Amino acid sequence: MKTKLDQRGIHDYIQKYHLENIFPQPDRLPLQLRTYERGEIILREGADLDGIYFQVEGRTRVSSSVETGKSLLLRFCHPLSVFGDIELIQKVVIQSQVEAVQHTTFLFINKHTVDTVLMQEHGFLHELLKQLSYKLQTCTTASRVNLLASVEERFASYLLTTRQLNEFGKEILTPHISEIASLIGTTPRHLNRVIHKLMEMNVLIKEKKQLVISDWAQLEEISGGIRYE
């Protein structure tokens with residue numbers, strides 16, 4: 001991790017993402033730019049929160065684990081994503097691990113400043129509310145789909161959701177079978193069986209080591225109208 005006190009860079013990001021209402025008078029705030037390279041851990045599950053992170057560049061991987069050591073992939077995040085909001089409000093340790101997938105930059109503000117200054121600002125509180133409600137909505141939807149739908153329905157729903165490239169569709173988009181399996185709550189072996197079945201049905205075809213959807217209408221029928229959204 002590298003930390004910069006680059007006021008010009010900070011102002012550029014504030015303007016780029018229209019954060020003026022969130023950070024009024026930014027020159028008076030101890031804002032930092034923190035950069036991470038691929039594979040670096042930004043937030044470690046179980047550690048104490050040191051501040052709020054606004055992702056302004058790059059891509060991150062968010063996962064959660066259980067005591068057995070198994071890890072569940074939750075989503076991939078891109079700008080503008082916020083980390084630390086749940087822990088800040090609930091006053092708990094970090095709930096999910098966040099890892100840089102590529103060169104990633106954050107606007108960082110320490111917890112003391114958040115508690116004593118920004119928690120009094122309407123714009124900052126509104127942004128926290130927006131971020132928390134979005135996470136609740138998407139986590140609830142993903143849990144419902146993964147619990148109630150078959151793996152075949154889940155995979156079809158996943159493909160249709162990521163095709164739309166809406167906000168959550170972008171967050172769960174990945175080309176790796178093992179990651180897709182984790183996102184839809186199954187095993188890579190089971191998912192490969194579903195893929196093989198869809199290829200036999202001519203819903204999917206393989207072209208140069210890539211899977212191509214050849215029948216979107218049938219895929220829609222298989223999904224039963226379910227979406228991860």
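Over residues 149-217 of this predicted model, the chain is 59% helix and 12% strand, with the end C-alpha atoms 19 Å apart. For this stretch, residues 149-217, an unreviewed UniProt entry lists "domain: HTH crp-type".

**Nonpolar cores**

- The largest nonpolar core has 34 residues, and those with the most contacts inside it are F23 and L107.
- At least two residues of this core come from each of helix 1 (7-16), strand 2 (32-36), strand 3 (41-43), strand 4 (51-57), strand 7 (81-83), strand 8 (97-100), strand 9 (104-110) and helix 4 (122-148).
- Apart from this core lies another, of 27 residues, which includes A181, L198, L219 and Y228.
- Leaving aside residues up to four places away in sequence, L107 touches a set of residues that includes I10, Y13 and I14, as well as L19, F23, L33 and F54.

**Helix 1: two sides**

- Within helix 1, the residues G9, I10, Y13 and I14 are buried, and because they cover an arc of only 140 degrees around the axis, they lie on the same side of helix 1.
- On the other side of helix 1, R8 and Q15 are exposed.
- The buried residues of helix 1 pack against strand 2, strand 4 and strand 9.

**Helix 1: its ends**

- At the start of helix 1, a side-chain oxygen of D6 comes to within 3.3 Å of the backbone nitrogen of R8, the residue that is exposed on the helix.
- Helix 1 is followed by H18, which has a positive phi, near 55 degrees.

Definitions and conventions. Residues are numbered from 1 along each chain as its sequence is written. This is a predicted model: local features need pLDDT of at least 70, side-chain atom pairs count only at pLDDT 80 or more; totals for chains, interfaces and linings use all residues. Side-chain values use heavy atoms; hydrogens and water are left out. UniProt positions are given in the numbering used here, feature names are shortened, and annotations may be inferred rather than shown by experiment. Helices (H or I, at least four residues) and strands (E, at least two) are DSSP runs, numbered from the N terminus. A nonpolar core is a set of buried Ala, Val, Leu, Ile, Met, Phe, Trp, Tyr and Cys residues joined through side-chain atoms within 4.5 Å. Buried means under 20% relative accessible area, exposed over 50%, partly exposed in between (1.4 Å probe, protein chains only). Contact means heavy atoms within 4.5 Å. The arc is that of the directions from the helix axis to the C-beta atoms. A polar contact is a pair of N or O atoms within 3.5 Å; within protein, one must be able to donate a hydrogen and the other to accept it, and residues adjacent in sequence count only if both atoms are side-chain atoms.
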